[in-house]
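Please find below my notes on the model. They are set out as numbered points.

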Amino acid sequence: MKRYVIFAALGPLIGGFWLLLTTTLMSGYWSEPNLSEVAKLFVVFAKTLQYSYLFGILPALMIAAVDDILSHVKRIGPVARMLIVGAIAFVAAELLYGSRGPDSGAIQFFLYGLVGFLPATIASWLAHKTMEKPALA
């Protein structure tokens, strides 16, 4: 149960911030970033955080289910599980967000894929660190 709480708490938070950062970069708004533009970014992030959780909690829980299933497979180690979950989230986020805007290319593909990869990998690592180890008989 901890795994799902971790994914539900961190997924929309990290993914929403990275999505805002990616759309800001891809729109060309940050040609020369300065302190006031960074402050504006965080203000917009604070105002849109509720929508990040509204639209991001279900995908985060779906990725948590994949992580939970893979955690029960004995042959898959924690690092391989984190990379598999991250790769699945990368592909899902790229398919969902990758066609946004007029641009297309490797940078857009990579940045929008990171919207799914970063929160999934971080949450999977944190879930691995907080899970109790089974007692040896």
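The points below cover the basis of the model, its aromatic pairs, one threonine and one surface patch.

1. This is a predicted model, in which local features need pLDDT of at least 70, side-chain atom pairs count only at pLDDT 80 or more, and totals for chains, interfaces and linings use all residues. Residues are numbered from 1 along each chain as its sequence is written, and side-chain values use heavy atoms, with hydrogens and water left out.

2. Three aromatic pairs are found in a search of the whole structure. Phenylalanine 17 and phenylalanine 42 form one that is stacked, at 5.6 Å centre to centre with 15 degrees between the planes. (Rings of Phe, Tyr and Trp, the last by its six-membered ring, pair if their centres lie within 6.5 Å; planes under 30 degrees apart count as stacked, over 60 as edge-to-face and the rest as tilted.) Phenylalanine 17 is in helix H1 and phenylalanine 42 in helix H2, so this pair ties together parts that are 25 residues apart in sequence. Helices are DSSP runs (H or I, at least four residues), numbered from the N terminus.

3. Phenylalanine 17 is partly exposed at 23% relative accessibility, and phenylalanine 42 is also partly exposed, at 43%. Here buried means under 20% relative accessible area, exposed over 50%, and partly exposed in between (1.4 Å probe, protein chains only). Ring pairs link Phe17, Phe42 and Phe45 into a cluster.

4. Phenylalanine 90 and phenylalanine 109 make an edge-to-face pair, 5.5 Å centre to centre and with 70 degrees between the planes. Phenylalanine 90 belongs to helix H3 (residues 78–97) and phenylalanine 109 to helix H4 (residues 106–130), so the pair ties together parts 19 residues apart in sequence. Phenylalanine 90 counts as buried at 16% relative accessibility, whereas phenylalanine 109 is partly exposed at 43%.

5. Threonine 24 sits in helix H1 (residues 2–26) and is buried, with a relative accessible area of 11%. Its side chain reaches the backbone oxygen of leucine 20 at 2.7 Å. Leaving aside residues up to four places away in sequence, threonine 24 touches Tyr29, Trp30 and Leu41 (contact means heavy atoms within 4.5 Å).

6. On the surface, Ile57, Leu58, Leu61 and Met62 form a nonpolar patch with about 360 Å² of accessible area together. Patches are made of residues with over 30% relative accessible area and no salt bridge; like charges are joined within 9 Å, and nonpolar side chains (Val, Leu, Ile, Met, Phe, Trp, Tyr) within 5 Å. A salt bridge is a side-chain nitrogen of Lys or Arg within 4 Å of a carboxyl oxygen of Asp or Glu. Leucine 58 is in helix H2 (residues 35–71) and is exposed, with a relative accessible area of 56%.

Note on methods
Accessible areas come from the Shrake-Rupley method with a 1.4 Å probe; for residues, only the protein chains shown count as cover. Helices (H or I, at least four residues) and strands (E, at least two) are DSSP runs, numbered from the N terminus. A polar contact is a pair of N or O atoms within 3.5 Å; within protein, one must be able to donate a hydrogen and the other to accept it, and residues adjacent in sequence count only if both atoms are side-chain atoms.
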